[in-house]
Amino acid sequence: MKRFLSKSMALTMVMLLVLMAACSNGDSSSEGDGEKVELTFWNIWTEPSPQNEASLKQVEKFEEEHPNIKIKQQNIPHDQFKVKVKTQAAGQQLPDLIQVWPGAELTPLVDGELIQPVDDILSSWDGLIKEDQFADYNVDGKQYAIPANVTPTSLVYYNKKMLKDAGYDEFPKTYGEFKQLIEKLKGGGKIPIALGNKAQWVLQSSYISTIADRMTGSDFLQAVKNGEKKFTDEKFIEALKVIQELSEMEAFNNDFNSIDNIQHRELFILEEAAMMIDGAWSLGPTLEAVEDPENVGIALFPEIEGGEGDPSAVSAVTGTGIALNSELEGEKLEAAQEFLKSFYDKEYYNDLMKADILVAADIEPPEGVSPQLKHVSELTSKKITPVYDASLPVEVTDVLNSGLQEVSLGTMTPEQLAEKLQAAMEKQK
Amino acid sequence: MHLLSRNKWPAVFGLAPALLIYLMFAIIPILISFYYSLMDWDGFTDMRFVGLANFQEALSDPIFWQSLKNNLYVVAASVFGQIPIALFFAILLNRKLKGGKIFRTLGFMPVVISTVIISLVWGMMYNSRRGLFNHLLELVGLGEWAQNWLGDPKWAMISVCITIIWQFVGLYLIIFLAALQNIPQEIYEAARIDGASGWKQTLYITLPMMRNAIAVAVILCISGSLRTFDLIYVMTSGGPGHSTEVLAMYMFDQTFSSTRFGYGSALSLFIFFFSLILVYLSTVVLRKKAD
């Protein structure tokens, strides 16, 4: 027995040793040997879209130019990315370079001191990026990332031919006329507006962010955050009533709560629907897929009678910023800063514009940019207003997202939603 | 190895690695989530002790109760839907049936297919404009029965439950088939000699002999339905409104998208206790029958 015991002991010890050796091995290899700097980098560039390809090209270019720096990428799909960042942030295990979004996504990272400002190298973009283009990634006077693109979240795409058949040569200027157009399109047996709100953010990001702005004006959100105004204000409730009214008059396809935003884009592309209200992210894919790109018209949501907002305003958010982990220092920090300088160069902004993406830089559009992109860039050049989910705390956004879906179903009134929002807002303090 | 020897140390050593891993990944996280549930924590900034506030909030949170109710629907649909259907088909397939193997494979197929695919396909079939179901109803002249299956809060939960039943019938079918094979033929022979009809044989021999298999299936059913997540997440994401929200999904949303790790932990502890209670109740009920 004794002999057996000692044998089994020995065996366990050996196994433990092997385990430990395996673990420690993993650690030492990721540290590097000092000659080659390795930076970990998480982003959402999984799809083969032109924008992602342009971004990945920048990384490749940087690695070619800097053979002693290795960028170790993890490409993670958008929704999972955000969950992963939050989880890893809780465990203090963020990578060296992280793609970040302004507002509600960025501020907790700053508050938790998980990322560091890039103010030291900001002068590299003098003349290329204007101060107000930097603003979204600026928290309390410190710059945390460089913006690449500006994304209007709320554009009305319309089928020029179908509108003409309904008797409209031009997109309606007011909400009243817009409703008449919807009635006429319905009479013609077509879906007036394609909507896929299964994921719940569409009515918030593409609809209410701009519609509410038409009613309340652009200072409303900030005032609500400061406690000067409330979601229960009449103007905001009227904005919610627009959603209620549109769904009651059956302006949307009737399965709008069970399809997603990719599917609603298809309804528009296949000419089953005459319009869709969507962000600029749909511009490239739509123009690529429709038979005749000339037939796609783009407008802003019309002016609403009695609204206090500027009818030329559109909700937009800047994006594709990359933040630096606050733990970076010395050689690694220098390498990371070098990476940012090389990544956000003029060529990148040109590539983005060629891919029908509006950029957050002050440069002339290169040749070969589509007329639609030029049109969108004119439409959105007048006034930019905040997108709700980029400026409100996540919990309030959650209430708004699911509440809008309920308002569209008729299971909640706009007044009830407004009260719930205000209650969620007050709980934040 | 001397199984009967008094010395238990070799057994302990053998178990140690498995036990260690189980402790690390199952028991300790439960204890840690109890600790987190007493905190207000967003994962980024420092934790704040709030006592039992998270539990209090959960109890007065209508969405929490809605999710619990939906979870109970799923449990009911599984226990009273999946098990009887699976039992019925198992008994059918246990006879010498032409093409029995094909039916068995077909029945088991949904269990093998990835849940995401099932959800997407059923989502398309439920679609109100283009979907198979509404189309079929229209074809046979029952157009007014057509519904917005997943988009209408009245129907969404029912539609989801039907898919869940379909998905797992095959699993219990296989369990029951295996149990049926284990019933000795002699008992049936004896019964036939005594003049017991087919129906009586099923009622007085087959079902009692399968009690243990059914009990296992019920427990699997309950614990499985309390964990339901993927199917609903893909099919409706809890919508419309919160009409198909279940506890696991609400917990996930609160923890990882609203970054309320404390509240999420409190919710997960509720799920933990509900599962314990339900599984305990079901064993009690099933044991009573056995006595």
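Me: How far apart do the C-alpha centres of domain 1 and domain 2 of chain A lie?

Reply: The model is predicted, and its domain assignment for chain A gives domain 1 as 36-148 + 320-344 and domain 2 as 152-316 + 382-427. Their contact takes 5 residues from domain 1 and 8 residues from domain 2, and on the domain 1 side these residues divide into 4 nonpolar, 1 polar and no charged. The C-alpha centres of the two domains lie apart by 31 Å.

Me: Which strands stand at the edges of the open sheet of chain A?

Reply: The open sheet in chain A has 5 strands with mixed pairing, in the order β2-β1-β3-β13-β4. Two of these strands each have a single partner, so one side of each is left without a neighbour in the sheet. The edge strands of chain A are β2 (69-75) and β4 (115-116).

Me: Which helix of chain A packs on the sheet?

Reply: Within the sheet, β1 (residues 37-43) and β3 (residues 97-100) of chain A run parallel and are joined by 2 bridges, with Trp42(A) standing opposite Ile98(A) in β3(A). The packing helix touches β1, β2, β3 and β13 (321-325) of chain A, and its direction makes about 50 degrees with that of β1(A). This helix, residues 330-343 of chain A, is α13.

Me: Which serine does Ile243(A) touch, leaving aside residues up to four places away in sequence?

Reply: Ile243(A) is among the residues that touch the most other members of the largest nonpolar core. With residues up to four places away in sequence not counted, Ile243(A) touches Leu203(A), Tyr207(A), Ile208(A), Leu404(A) and Val407(A), and also Ser408(A).

Me: Which element gives the most to the side of chain B that touches chain A?

Reply: The contact takes 27 residues from chain B and 31 residues from chain A, and the chain B side divides into 9 nonpolar, 16 polar and 2 charged. Helices α1 (9-36) and α12 (247-257) of chain B each supply at least two residues of that side. The element that gives the most, with 3 residues, is α1(B).

Technical notes: Residues numbered from 1 in each chain as written. Chains lettered and ligands numbered in written order. Predicted model: local features only at pLDDT ≥ 70, side-chain atom pairs only at ≥ 80, totals over all residues. Contact = placed C-beta atoms within 7 Å. Helix = DSSP H or I, 4+ residues; strand = E, 2+ residues; numbered from the N terminus. Nonpolar A, V, L, I, M, F, W, Y, C, P; charged D, E, K, R; others polar. Core = buried A, V, L, I, M, F, W, Y, C linked by C-beta atoms within 7 Å. Buried ≥ 20, exposed ≤ 12 C-beta atoms within 10 Å, placed from the backbone. Pairing = 2+ DSSP bridges. Axes fitted to C-alpha atoms, helices over the stretch in contact; angles between N-to-C directions. Domains from an automatic or database assignment.
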